Amino acid sequence: KDKKAEDIMSMPVIVKQDISIYEVIVNMFLSDVGSIFIIDDQENLCGVVSRKDLLKATIGGLDINKMPIGMVMTRTPNVVTVEREDSIVLAARKIIEHEIDSIPVVDTDKDNHTMKVIGRISKTNITKLFLEIAGE
């Protein structure tokens with residue numbers, strides 16, 4: 001219960017909002033993740049895209065080689081996040097409640113209303129912690 005998000009977070013997979021849907025699909029496959037975080041030109045979190053979002057885009061007949069990922073991503077403020085000091089229990093609760101694969105760990109600048117992605121917590125991170133606690 002004392003563990004914080006920063007204690008178990010892994011490296012985030014991040015892309016800019018203007019790259020093509022096709023490039024994001026390739027990136028997701030090569031990185032072996034279920035979601036990718038999208039940043040703007042100032043490197044602030046502006047969205048997230050999941051496997052399901054990419055599947056919808058490809059089935060929908062979009063030209064995935066030309067269409068930027070920013071057109072199909074889930075945009076902030078609808079992106080669920082945690083801060084580095086938030087508890088693992090809170091992160092796990094948000095993942096379950098929102099039925100998502102992973103959650104970005106962010107540093108928020110409340111004055112400028114910006115978020116920098118510093119990590120990610122996935123179901124795998126939480127499962128590894130569970131096994132560690134169980135002594136496996």
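Across which strands does helix H2 lie, and at what angle to E2 does H2 run? In this predicted model, in which local features need a pLDDT of at least 70, side-chain atom pairs count only at pLDDT 80 or more, and totals for chains, interfaces and linings use all residues, H2 lies across E1, E2 and E3 and runs at about 130 degrees to E2. Residues are numbered from 1 along each chain as its sequence is written, and side-chain values use heavy atoms, with hydrogens and water left out. Helices (H or I, at least four residues) and strands (E, at least two) are DSSP runs numbered from the N terminus, while axes are lines fitted to C-alpha atoms, for helices over the stretch in contact, with angles from 0 to 180 degrees between N-to-C directions.

The pLDDT, which is the predictor's confidence in each residue on a scale from 0 to 100, averages 94 over the chain, and 100% of the residues score at least 70. Among the elements of the chain, the lowest mean pLDDT, 91, belongs to helix H3 (residues 51-59), and the highest, 98, to E5.

The strands E1, E2, E3 and E4 form an open sheet in the order E1-E2-E3-E4, with mixed pairing. E1 and E4 stand at its edges with a single partner strand each, so that one side of each is left without a neighbour in the sheet. Two strands are taken to pair if DSSP finds at least two bridges between them. By this criterion E2 and E3 pair in the antiparallel sense over 5 bridges, with Val48 in E3 as the bridge partner of Phe37 and with Ile39 opposite Leu45 in E3. E3 and E4 are likewise antiparallel, over 2 bridges, and Arg75 in E4 is the bridge partner of Gly47. Strand E3 is largely enclosed by the rest of the structure, because 5 of its 6 residues are buried; here buried means under 20% relative accessible area, exposed over 50%, and partly exposed in between, for a 1.4 Å probe and protein chains only.

Helix H2 (residues 21-31) contains the buried residues Ile21, Val24 and Met28. These cover an arc of only 55 degrees around the axis, which puts them on the same side of H2, the arc being that of the directions from the helix axis to the C-beta atoms. The cover over the buried residues of H2 includes strand E1 (14-16), E2, E3 and H3, where contact means heavy atoms within 4.5 Å. On the face turned away from this buried side, H2 carries the exposed residues Phe29 and Leu30. Helix H3, for its part, lies across E3 and E4 and runs at about 75 degrees to E3.

Several backbone features remain to be described. Most residues other than glycine have a negative phi, and most peptide bonds are trans. Asp32, which follows H2, has a positive phi near 55 degrees. E2 and E3 form a hairpin with 5 residues between them, and Glu43 in the turn has a positive phi of about 65 degrees; Glu43 is partly exposed, with a relative accessible area of 49%. Glu99, although not a glycine, has a positive phi of about 50 degrees and is located in the loop between helix H4 (88-98) and strand E6 (102-109), where Glu99 is exposed, with a relative accessible area of 72%. A cis peptide bond, with omega about 10 degrees, joins Thr76 and Pro77, and Pro77 lies in the loop between strand E4 (74-75) and strand E5 (82-83).
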